[in-house]
Amino acid sequence: MRATLIYGAGDIRVENVPDPKIHRPTDAVVRVLRSCICGSDLWPYGSREATEHGDRIGHEFLGIVEELGSDVSGLKRGDLVVAPFVWSDNTCDFCAEGLQTSCRHGGFWASDDVDGGQGEAVRVPQAQGTLVKLPVAEDSALLPSLLTLSDVFCTGHHCAVTAGVGPRTTVTVVGDGAVGLCAVLAAKRLGAERIILMGRHKVRTDLGRDFGATDVVAERGEEGIERVRELTGGDGTHTVLECVGTLPALRMSVGAVRAGGTISRVGAPQYDEVPLGFPEFANNLTLTGGMAPARAYIEELLPDVLEGRIEPGRVFDRTVDMDGVPDGYRAMADREALKVLVKP
Ligand SMILES: [Zn+2]
């Protein structure tokens, strides 16, 4: 089968790799119907050291169950399933607490001998715990929105949930990438009425408005902070959803949050130290968020997608086949595409 490999910064190749097979009785093999490129894939794409042997990449996919190990129950061949971006048994103590990202028997796609999601098929470890059955057909128009349950919409939702977003909270979302836009949609779904989106790409912030943003702030840094404060009577918002992962984005979040408020970060942090000193202590700020346990949220979010109340799949603005994956990375890195859907 064909799959995507990364050989170093800017070097994505699509090559033939061994077909996935059942290794353990808890495995399944899934033929991929849709996959996509994640904003977090752009970090290695931008900076990874060159290697002789490529590494598999991709962690978001949905597809059809083709083979099942003898210990997997609740699934059958032919089922259409979505996989969250971390695989897990969904039964250990961490999973029981809704923290499948820390599963005692789980792990990441495209690491060790586990396949990546950007390929024609994937061996799924812990298939019974990992995969969630989707009651739609292979040609469903809902596939793009259902695919966002693998990562990007669940990540936006996690950001809003951990920040404590609800009908009485005002919200600032930092970042107009796919996760930021999904965070807007999630905040709106949780009842927030005032949602300020910080972003400067008009096509994206327009989609953010469709998703529920009430205000858009294009300024950055101190100017951006000042603008959010102007919009909120000088106070800032109860919650800030930081969906970028850089230090300037976190600094802006600290500046835009109201005293007593919460900053949640779901952008993979590209920094080691957090700028929380005495002023933030004095203002009783909370910093939360982290890697989203997507598996914990899929069943809850699924009905709204199936019944068309939300359409997070609108973040995909380009579709490529396997041959188009390297150019898909380039297009996302160049900010030409917001999020690229892969149809193997
Ligand atoms: Zn577990």
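Leucine 341 counts as buried in this predicted model, because 21 C-beta neighbours lie inside 10 Å and the cut-off for burial is 20 or more. The residue belongs to strand 18 (residues 340-342). Its C-alpha atom lies 6.8 Å from that of isoleucine 37, although 304 residues separate leucine 341 and isoleucine 37 in sequence. Leaving aside residues up to four places away in sequence, leucine 341 is in contact with Arg34, Cys36, Pro144, Phe316, Arg318 and Thr319.

Ala294, Arg295, Ala296, Tyr297, Ile298, Leu301 and Val305 are the buried residues of helix 11. Among the elements covering these buried residues are strand 6 (80-83), helix 3 (127-130), strand 10 (132-133), helix 4 (143-147) and helix 5 (152-163). Just after helix 11, glycine 308 adopts a positive phi of about 75 degrees.

Helix 6 (residues 178-189) packs against helix 7 (residues 202-211) at an angle of about 15 degrees, and their axes are 8 Å apart. Angles under 35 degrees count as roughly parallel, so helix 6 and helix 7 are assigned to that class. Their crossing is right-handed. The contact between the two helices involves Leu181, Val184, Leu185 and Lys188 of helix 6, which meet Arg204, Leu207, Gly208 and Phe211 of helix 7. In an α-helix, residues three or four places apart point the same way, because there are 3.6 residues a turn.

Notes:
Residues are numbered from 1 along each chain as its sequence is written. This is a predicted model: local features need pLDDT of at least 70, side-chain atom pairs count only at pLDDT 80 or more; totals for chains, interfaces and linings use all residues. A residue is buried if 20 or more other C-beta atoms lie within 10 Å of its own, exposed if 12 or fewer, and partly exposed in between; C-beta atoms are placed from the backbone. Helices (H or I, at least four residues) and strands (E, at least two) are DSSP runs, numbered from the N terminus. Two residues are in contact if their C-beta atoms, placed from the backbone, lie within 7 Å. Axes are lines fitted to C-alpha atoms, for helices over the stretch in contact, and angles run from 0 to 180 degrees between N-to-C directions. Angles under 35 degrees count as roughly parallel, over 145 as roughly antiparallel, 65 to 115 as roughly perpendicular and the rest as oblique. A crossing is left-handed if the near helix is turned anticlockwise from the far one by less than a right angle, and right-handed if clockwise.
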